[in-house]
Every structure is written in C-alpha cells, then in structure tokens.
Amino acid sequence: MNYLSAEGLSKSYHDKWLFRNLSVGISQGEKYALVGNNGVGKSTLLKILTGEIQPDGGTVVVREGIRLGYLTQQPTVDDNVQVKDVLFHESNEVARAVKEYEDCLHHPDVAPERMQAALEKMEEFSAWDYDAKVQEVTGRLGVPDMDKKFGELSGGQKKRIFLAQLLLAEPDLIIMDEPTNHLDLSAIEWLENYLSGVNMTVIMVTHDRYFLDAVATEILEIDRGQLFRYHGNYAYFLEKKSEREEMLKSEVEKARNLMRKELEWMRRQPKARGTKAKYRVDAFYELQQKASTDLRKERLELDIQEARQGGKILEVHDIRKSWGSQVVIENFSYTFKKFDRIGVVGQNGVGKSTFLDILTGRLKPDGGEVIPGVTTRFGYFTQEAVSLNPNHRVIEEVKEIAEFITLSDGSQISASKFLDNFLFPPEKQYTFVEKLSGGEKKRLQLLKLLVTNPNFLVLDEPTNDFDIDTLNVLEDFLEKFTGCLLLVSHDRYFMDHLVDQLFVFEGNGQIRKFNGNYTDYRAWVDDQKAAVEEKPVAQPKVEKVESAHSSKLSYKERQELDALVAEIEKLELEKGEETARLSGGSTDHAELQERAERIAQIDRLLETKTARWMALAERA
C-alpha cells in the first residue's frame, strides 16, 4: 500500500536551486535513509513531505487515513508546559482514546453510546497495552520526571521527549531528522531494533552509519540537485555511488571532447541562412549542458602542525566528584600515555562531560589531583559552540587566534585560505557567525580548535550536525593524529574506527577501563549475560533414573505444556467472542464495562501463558 507520493518537487533559496523535479514514493514497511552533504536540502525535503513548507513546484499526496509523525532537529514548546503534556499532546489519537476510555470507566453514569464509542476507539488503535508501551518508550529513551517543566530541561532531554512523543503517537509513517542526536548508545540500539520492525514505515535523515545500515532498506541520495535511489545497505550505496560518479566523469569527459567538434560546426555554418539542421542544433545545446557539469566536489581539508609532546602528558590521581547526592566520579586514577586513543561511554547524565571538564581544567574535582604535562596542549571540542562570538564575522573568529596557520609540513597559509579549506569560501568569510547553520558553526568551532595546534584532542559529541562525507574526512585526520585522543560519541561506527580503549561510566561514580572498541565491549557484555544465564543451578538428588529417551522436561512439565496449548486456544476463542459482543450494539453500561475488563484480563492471561509455553517448548 502506497502511503505517500511526491512528484516533480523543486525548491530554491536565494536564487539557488536546492533541487529540481525530484520524485519519491514510500509504501508500507519501507524504510528510507536520506543522505547527502550539508546544505543539499535533506531537511528541506522532509519539511516539504510533511507540509511544513511548500515547494516551488511539484505536489505531495498522502493517502487518505494515513497518519504522519515528524521529528524535527529543533522542535519548540512553551517553557512552562509539563513533560507529560508534551508526551500526551492532544494530537496523539491513541493517548486521547485511552484517556477517554479511562474517563468512562471512572464515571458510572456515562452515556452508553459514549462508552461504546470509547471501546471501539480502543479496539481500533489496539490500545489495551498502551500503559506498558508508555513505560517501555519513556524508560528506554531516558525521559525525565513527567511533572518537570519543559524549560528546566537540557537540549538533549527535550529531543528525547519529542522522540518519545512521536513513538507513542504510533503514526503510520515516521519521518525523522537526525533521530540519534542526543541519545546515549543503549537508547540508540533500542531505537534501532524498534524501527527495524516489519510494520514500521520510515524515512529519515541520519549520519549514524551503523544505525543507517541496521534500519534502512533503501538509500536516497541528493547530489547536484538530483535524487538517486539505491536498493541496499550503506556498503552497497558506497559501491554504487562510486560507480555512478566514475560513469558521470566519463560521460562529461566524452561530452567535452564532442563539444569541441560540434562548436566548430556551429561556427562554420552561415548565421543568416537556415541551413543548420534543427535536430543537430538542439543536440548541441543538450551536449553543452552535459559538458558544463561541474565535477568538483567540495571536500573538507584537515591539516595542522601538532605541538611537540613531552614524556609526561596527563596524570589523574584518585579524583572524586559529586553533584549533591549524585556521585559522578569515585576515586578514578589513570596515567595518559603517548598515542592513547580512548572512548568514553555511558548513559546520558552519568557525568561524561563533567569528567572531560575536570581533565581539561575547566572544573575542579572535589578531591584528588589532575596534573598535566608541561608541553600538553588541549584541544577541547564541546557540544555547545560557546567559544563562538555571534557578533563576529567568520574570518574575525580565526584572525583573533592567528593571521597565519602552520600546516603539518611546516608551511604557512593565511587565515582566509585556511577557511577556504574548511569549506568557507571568500564570500562566506564575511558572514556573521549568528547567521551560520548548525553544521557551519560546528565546522568553524573545529577549525578554531585546530588552529591552536593541540597535541591532546578531547572531543565531546563531534559528529552532531556533520554530514557523512565530513565525518569520513574527520576520521581520516584523527587516524593520522599522533597525539592523545579522548572521544565521547554516540556514533558507534566513528568510535569503533578510532579508539582501542574505553572508559565505561557504569553509574554511582564507577568507571571501568576496558581494552577494545565499542563493538568489542558490547560483545563482552553479551558474553557476560550469557554466562550468567547458562550458569547451572544446583539440583536436588533424585533417586529415579531417567531412560535414555527422556526429554529435558519432567513428566509434570510435559503435561503442563500440552495443557497450555488448549488453554491458549480457549482464551483466544473467548477473546474473539467477547470482542464481537462488545460490537453488538448493547447499550447496557455495566455489561459493556464488564466485557472490556474481561478482554483486558484475557490479554494478561494470554501473555503469561504464552511466555510459559515458549519457555517449556524451547526446553523440550
């Protein structure tokens, strides 16, 4: 079933076309990832699909009855609204149905027609287990206290609340812009599994390559104003994209060679006489358009000279830190060595950023010592672009540090040329910082950090707002970086490629040192869980000797397994009968309430008995 169709979409900004004549359709169960460089129009396309903005040309048609859910990068809500009012917004039809049903249950004098309508809505949205879903979604995403006011929350908490709001609304088609930003790794893995369900229909923009690979079944790329479609995962996309670009390069080169011959022919023909063949003239202009295709690709260039690093880099002795009654760090010690490449992982709110602030001297510990080496020069990339002055022009931000920048080979270039390497062309260098996009501010922040020639890089969520191509360049640079690297990132692909050791924040101030990358750590955690589950339980001595053909189940358990099959079938039959009676048009309030409560009771029994049956069947 087709959910959404978009035909001939075009959009321009400031006399520049983002894209022209794009067409896309999405059907039930399909999962699209939208990729492309920053500024090509990915978020704009999502906003057009949701109706938030109008295209300059083309149409978007959503199938009647299909409900869209949209997660934006920067949602807004009044600061005085409570978290629960955001989660269960009046636009959430499922939450409205549950609320109406509960109101009817708590008012015995409610009209029978209203009760019947409430029951039908509950059945329509399959909302009988909604409470359990609320607990799962809010728990997994780390949604804070429901009674808190929205203005008291951090940016990451707000994003998680809007994500929970979207999932609890249970839309037919989910449209998401960077859903993994501000989520911790466990929440990302849960969301990954949730969206991978067969009944989920998704179109999303994401730079998280593991997430993209796990969820997306097709990849849509916006490049040079066109939309290219790839039926496969991220690795397949990279392979086919490379083939497409090589083919384009060959076609343009061939067109340019042919263009020279055709140009001579055009010039030789008499201007005043209509002797030129029209078909050849038309072909000439088509050829001219192909030959003028710009094959240049803007690519970030990272190149700096690193400050010399001495033998002593950074020593940490028994540091402690608490915020009120919450212990963040408890007696942590470590001596940093040359070429250390360490990832910092843990749930949101356990103190990772506090830890980085202490190491870099921005924050004092409650106890213990942090002793940096004489030659250690930190480069600290934070989540917030606080180091940028919104009233400065871009070039002023760099010249404030240095007029000339020394590269790795010892040569020097001007601040303007360095900005050009960072994809800030001359015309952009005199733009005020406050007018830059989120991705541009992050890029400028990274540039300012590198200008200081650090030999100890501390990066706190550096992947937010960067496109995949920029992340690849940053990865290449960090792989060649010879100083120390300390990295906090929710991007598992990025972390796996760069770190060989982890500091794992386990809560209550405990920090585990683990040798390996994030995938190694997850495998270790799974092994630990499996070892606990497989640990043999001491059994009492039994005199009876079982035959060689005896199953793993006792005689009593085999009887229970056989009985469960019949009980489950009976319960399912009863549920069907009760549901049919509910829809039979009865107006007796007490009877309707009794049947609704029985259906809920049957659902609970079915869940319990099915779980028991599965456990016994697996052992048998």
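I count a charge as sitting over a ring if NZ of Lys or CZ of Arg is within 6 Å of the ring centre and within 35 degrees of the ring normal. With that rule I looked up Arg20, whose charged end sits over the ring of Trp17, 4.4 Å from its centre. I also noted Lys11, whose charged end sits over the ring of Tyr13, 5.4 Å from its centre.

I remind myself that this is a predicted model, in which local features need pLDDT of at least 70 and side-chain atom pairs count only at pLDDT 80 or more, while totals for chains, interfaces and linings use all residues. Residues are numbered from 1 along each chain as its sequence is written, and side-chain values use heavy atoms, with hydrogens and water left out.

Next I searched the whole structure for aromatic pairs and found 19; rings of Phe, Tyr and Trp (its six-membered ring) pair if their centres lie within 6.5 Å, and planes under 30 degrees apart count as stacked, over 60 as edge-to-face and the rest as tilted. I looked at Phe332 and Phe503, an edge-to-face pair with 5.2 Å centre to centre and 75° between the planes. Both Phe332 and Phe503 are buried (under 20% relative accessible area, with exposed over 50% and partly exposed in between, using a 1.4 Å probe and protein chains only).

Last, I wrote down one aromatic cluster, which includes Phe332, Tyr334, Phe336 and Phe503.
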